[in-house]
Amino acid sequence: MLMAHPTVLRNLIEQYEALRVLHAGNGGQEARQRMDDVAYTLCVSTGTRDVDSALVAARHRLPGARPEDDSVLSA
């Protein structure tokens, strides 16, 4: 499996979190569609099937992540 560069993953995480706040604030369709697009890209980039798993996997691959701490990952 190809692995996304940590910079790309960090950017996707930041975009998703910003869009989640924006969507919660005004609930606009455009923000929701963009959030869905970023969620899909996160899933593809991490080889996961849902955004929550994708966020965990992406954060786990960032520099400074503790590779020995997989307590939030499912077996």
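Predicted model: local features only at pLDDT ≥ 70, side-chain atom pairs only at ≥ 80, totals over all residues.

**Fold.** I read along the sequence and got the pattern α-α-α. My tally for the chain is three helices and zero strands.

**Whole-chain numbers.** I looked up burial next: 27% of the 75 residues count as buried. Then I checked contacts with a separation of 6 or more, and residues 24 or more positions apart account for 43% of those.

**α1 against α2.** How do the axes of α1 and α2 cross? I get roughly 150°, and the axes come within 9 Å. Angles over 145 degrees count as roughly antiparallel, so α1 is roughly antiparallel to α2. The crossing is left-handed.

From α1 I have Leu9, Leu12, Ile13, Gln15, Tyr16, Leu19, Arg20, Leu22 and His23. Facing them from α2 are Ala31, Arg32, Arg34, Met35, Val38, Ala39, Thr41, Leu42, Ser45 and Thr46. Sorted by class, this contact has eleven nonpolar, five polar and three charged residues.

**One residue up close.** I picked Val38 and asked what it touches, not counting residues up to four places away in sequence.

**α2 against α3.** Helix α2 covers residues 29-46 and helix α3 covers residues 51-60. Their axes are 9 Å apart, and the packing angle is about 55°. That angle makes α2 oblique to α3. I logged this crossing as left-handed too.

On the α2 side the contact uses Ala39, Leu42, Cys43 and Thr46. On the α3 side I find Val51, Ala54, Leu55, Ala57 and Ala58. Which classes do the residues of this contact divide into? Eight are nonpolar, one is polar and none is charged.

**Core.** In soluble globular proteins, nonpolar side chains tend to be buried together. Here the largest nonpolar core has 15 residues. Those with the most contacts inside it are Ile13, Tyr16, Val38, Leu42, Val51, Leu55 and Ala58. I also checked which elements give two or more residues to this core: they are α1 (6-26), α2 and α3.

How values were computed. Residues numbered from 1 in each chain as written. Heavy atoms only, no water. Axes fitted to C-alpha atoms, helices over the stretch in contact; angles between N-to-C directions. Helix = DSSP H or I, 4+ residues; strand = E, 2+ residues; numbered from the N terminus. Parallel < 35°, antiparallel > 145°, perpendicular 65-115°, else oblique. Left-handed = near helix turned anticlockwise from the far one by under 90°. Contact = heavy atoms within 4.5 Å. Nonpolar A, V, L, I, M, F, W, Y, C, P; charged D, E, K, R; others polar. Core = buried A, V, L, I, M, F, W, Y, C linked by side-chain atoms within 4.5 Å. Buried < 20%, exposed > 50% of the residue type's maximum accessible area, 1.4 Å probe, protein only.
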